[in-house]
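Here is a briefing on side-chain packing and charge pairing. Start with the sequence and the structure.

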Amino acid sequence: MADRFELSPEDIKVFLDEAEELLQVMEENFLRLEKSREPELLQDIFRAAHTLKGSSATLGHRNMAEVTHSMENIFDKLRKGKTQVTSGVVDTLFACLDVLRAYKDEIATGEDARVDRDGILNRLRVLDEGTNTGASVAPMVAAGAVLTWDERQEASEGLEKGERLWMVHIAIEPNSPMPAVRAFQSLMALGELGTVVRSWPSQEDVEQDRVGLDLRALLVGGSRPEEIRKGLAEIQETSVIGVVEQNAASLAAPQEADSPDEAAEGAKAEAISSEGNRDRLRGNRTVRVDVEILDSLMNLVGELVIDRTRLTQIVGTLEGRYQVGDVAQDLGRASAHIGRVTGELQERIMRARMLPVENLFKKFPRMVRDLSIKAGKEMDFILRGEETELDRSVIEEIGDPLMHLLRNAVDHAIESPEERVRAGKPARGTVILEASQQENQIVLVVRDDGRGIDPEKIRNHAIRKGVLTAESAKRLSEAEVVDLIFAAGFSTAEKISDISGRGVGMDVVRKNIEKLNGTIEIDTRVGQGTEFRIKLPLTLAIIRALLVEIDREVFAIPLSSVTETHRIPLAEIKTVNRREVIMLRGKVLPLLRLVDLLGFNVEEKEAQEYVLVVIINLGGKEVGIAVHSLVGEQEVVIKSLGTFLGEIPGLSGATILGDGNVAIILDVPSLIKAWVPDAVKTA
Amino acid sequence: MERFEQTAEAREIQLVGFVLAGELYGVDINWVREILTPQRITRVPHVAPFVEGVINDRGRVVPVIDLRKRLKLRAGEISRTTRIAIVEVEGLAVGMIVDSVSETFRLSADQVEPASPVIIGVDADYLLGVARVDERLVILLDLARILAKGARIAV
C-alpha cells in the first residue's frame, strides 16, 4: 500500500520511474558484463545500485534497500577482482532484478510482492562469502574526499594532539527490525571512545530514521582497533566490518588524496551526488506531461486539420464562383498560412508523443539471453537504431509482435551449435533487431542467420493442415508459399516447446501489425536466414487514406494497404470458378466488389463501361476491390466508433471529412477475412 | 427498475417527452444532451438493423439508432417534425430518431405504475413504467437497456 510510505503519490511516482530506469541500467550492463569485463560497466552498475539503495531506503522500503545493499557487496567484489564474472553470478544478479521489480510493483500496486527474499539474500551471501577468505575487508571511504572544512579541522587537531584517526565500518544485519536504533547505538558507543568527526549516514539522518544497512564513522580518539571492536560488540544486530587507521594525508582535499584506491572510492561517492545534481539541473529543462493531455492535444489538432481541409475547399469554391477579388485573395493567403501552422503544430505534437524505441528494445536482450540458454543455443543479439522515435501508442502495441518474432528466431530459426558447425556456419548465431525511419514510416527489422524457411516444408505442411489443396499449392510461387506462415491456424513447430508454442501464431502477429496500419514482409533463404520487415506509420492518430465512394457513401482506405488504382474495362473482367478476376501485369487477381464486402444492398450501375479498382495488398497477395468512384487522397484523423457499436471486424474507425460528413475508415484485409473469407483462398 | 428508483428518491423528476407511433414517451431530462433536426447519416456496414449510422455531432462521431426499430414498433417515415435526440448515459452518447419532440414535464415517483406490454405493444424490457400526466399516458423508457449491447451483428 502506497500509504505505508510517508511520501506523496507524486514522489512515489518519481521513485517508481527512477527505479525502473535504474533497474534497466543494471539489466543492460549485466548482459554486457557477461560478455566483456569492462571496469566502467561495474562503475555504472554500482552507481545504479547505490542510487536505488538510497532512494528505496528513503522511501522506507527495507526489503528493497536490503537486496540492493547485498548486491552492492557483490559488485564491490567484482570490481576489486575478488570474484569473477561467471554466468552463475549473472544469473543470481538477474534473479535479484526480478525480486527488485516485484518490490517495485509492490510499491506501485500496494499488493504484497510474493518473492523469496531470504532465498535471494542467501544466494548473494553465498556468492559474497564464497570468495571472502576470512581477510577483513578494508573500509571504503577515504575521509578527506567527503569532509567539510570544519570536520577536517577537527580531525587534524586531534592528530596534532597525538590522537589517532579511525574509519569504522559497521554493517547492520539485514533482518534487523530497527536499523536506525542500531546505528544510533553504534554512534553513541563510538562517542564514548572518542569524537565522531563525521558519520555516513549523518547523526541527523540516523535520528530521523534515514539509514541503510551500512554505517561508517570517522573517529578521533586514542583507542586501539580492538577497543573499538569491543566497544561495539555489545550492540545487537550489527557487526564491525573494518576499523582502518587514517593518516593526515587522507584528510586532504580530494585532489590531493594520495591513496588512489580509497580516494577513488570517496570521490565516487561524491560523483554520485554531484552527477545527480547535474541531472536534476538538466531535468529542469523538461516537464512531465500527462499522456492524456498529449492525447487531447492530438485530438484538437485533428479538429484543426479537418477545418483546414474545409477552409481550403471553401476558398476553392469562392475562387471558382466569383472573380478573384482582394478579399478572396486575402482569405486564400490566410487559409494557406493557417494550413502551414496547423501542419507544423501537428508535426510538433506528434513529436511530443514520440519515444525512442529504446524503451521497448531494452527488455529484449534479457529475454533473448534467457531463451537461448533454455534452448541450449549460442547467439549474439544485436540492437541497432534504438534512438529511432515512434509514437508511444505504437510502441505499446508493437512489443508483443516483436517479442513473438524474436522468440521464433531463438527457438526455431537459430540452429543448435553442433548443427551450425556441421553446416559450416559459426557456432554462435546472430539475431539482429533494427529500427530506422524511412520517410513517413518506421521500419523494424528482425533478422537471423539461422536455417531459413523451406518453402517445400511449408507447402507440405499446408496441405496436411488443410490450408491448401495439393493442386492449388502447386500453383503458388515460393514467396506466396512462405507467406502461408501468416495464415490462421498454421504453425510449423512440430512439438510444442516451452518457448514459442503458446498458441499465438504468426497470423496474430500480422493481425496486430495491420491493426496499426502497418505491414509485415518476410524474406528468407534456406540455410542462410530469415528477415522480417515491419513497416509502421509514425502515428496512429492521423493517417493518409484513399477516399472512395460506394452508393453516395464515402469510405476511407488507409494508403498503407493500397498499392495502386486502375480503371478496368468491363470486357477484361473474367470469371474463374464463378468468381470474378482481373489480369494485372500477367497476374490473375481476384476481384471483389466493395458493395458486397459492406453488405450494402445496391443495384449495380452496369451502365458504365469500366470499373474502378483499388488494388489492395493482402499481406503479399494482391486483390482488386471494385468501387463506384475515387474521391481522392487525404490525411484523415482517426476517431473511434465508440463502445455502443463496439469493434466491428473490418472497420477501424471513422473520420470527419472537410464537408462535415462522417466517413467510415475501412480495414480492407480484415473486412475480407471477416465477411468473405473464402473469396481469395483459391484464386 | 433500478435506474428509476435511484432518480425516484428525488421524489420528482423532469422528463423530456417525445412521440413515437402516436404514443407519448418520456426520458429523464438529465440524460438528454440536445435535440437535432434530421441530418445526413453515414451508413455503417455490418451493424444491427436498428442502427441507422453515425453523425458528426460537433466533432464527435455519434451513432444514431431508429427508436421505432429498436422498440419493434412499425416503421415510420421522416417528416417535418422528425428529430434526433442525443442522449448520454455514462459517457455513451447515442442519437435516437423520434417522430417529434413535445414539451417537458414533471412527474413524481408515485405516479409511476408498472407497464403492461399488452396495452402498449412495446417490448416491456425497455420500459421503466407508465404514468398519467394530465389525462395522458406517458411511457417511461429505460435508456440504459435500450443503449445496452446488441448494436452489432454477431459475426
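**Side-chain briefing**

B:F18 counts as buried, at 3% relative accessibility; buried means under 20% relative accessible area, exposed over 50% and partly exposed in between (1.4 Å probe, protein chains only). This is a predicted model, where local features need pLDDT of at least 70, side-chain atom pairs count only at pLDDT 80 or more, and totals for chains, interfaces and linings use all residues. Residues are numbered from 1 along each chain as its sequence is written, chains are lettered from A and ligands numbered from 1 in the order in which they are written, and side-chain values use heavy atoms, with hydrogens and water left out.

**Aromatic pairs**

- Over all chains, a search of the whole structure finds six aromatic pairs. Rings of Phe, Tyr and Trp (its six-membered ring) pair if their centres lie within 6.5 Å; planes under 30 degrees apart count as stacked, over 60 as edge-to-face and the rest as tilted.
- A:F30 and A:F75 make a tilted pair, 6.0 Å centre to centre with 45 degrees between the planes.
- That pair links distant parts of the chain: A:F30 sits in helix α1 (residues 9–35) of chain A and A:F75 in helix α3 (residues 62–79) of chain A, 45 residues apart. Helices (H or I, at least four residues) and strands (E, at least two) are DSSP runs, numbered from the N terminus.
- A:F30 is buried at a relative accessible area of 1%, and A:F75 is buried at 1%.
- B:F18 and B:Y25 are stacked, at 6.2 Å centre to centre and 10 degrees between the planes. B:Y25 counts as buried at 1% relative accessibility.
- One aromatic cluster is formed by A:F30, A:F75 and A:F94.

**Charges over rings**

- A:R510 lies over the face of A:F486, 4.0 Å from the ring centre. The criterion is NZ of Lys or CZ of Arg within 6 Å of the ring centre and within 35 degrees of the ring normal.
- B:R43 lies over the face of A:F600, at 4.4 Å from the ring centre.

**Nonpolar cores**

- The largest nonpolar core has 120 residues; A:F364, A:L402, A:L594, A:I625, A:L666 and B:L67 touch the most other members. Such a core is a set of buried Ala, Val, Leu, Ile, Met, Phe, Trp, Tyr and Cys residues joined through side-chain atoms within 4.5 Å.
- Helix α16 (residues 392–413) of chain A gives the most to this core, with nine residues.
- Not counting residues up to four places away in sequence, A:F364 touches A:F381, A:G399, A:L402, A:M403, A:L406 and A:L433. Contact means heavy atoms within 4.5 Å.
- Another core, of 40 residues, lies apart from the largest one; among its members are A:L23, A:F46, A:V99 and A:L127.

**Salt bridges**

- There are 48 salt bridges over all chains. Each has a side-chain nitrogen of Lys or Arg within 4 Å of a carboxyl oxygen of Asp or Glu.
- A:R366 and A:E27 meet in a salt bridge (3.6 Å, N to O). The pair links A:R366 in helix α15 (residues 364–374) of chain A to A:E27 in helix α1 of chain A, 339 residues apart.
- A:R366 and A:E27 are buried, A:R366 at 11% relative accessibility.
- A:D98 also forms a salt bridge with A:R366, with the closest N and O atoms 3.0 Å apart. A:D98 lies in helix α4 (residues 87–109) of chain A and A:R366 in helix α15 of chain A, so the pair ties together parts 268 residues apart in sequence.
- A:D98 is partly exposed, at a relative accessible area of 39%.
- A:D391 and A:R353 form a salt bridge, their closest N and O atoms 2.9 Å apart. Both residues, A:D391 and A:R353, are buried.
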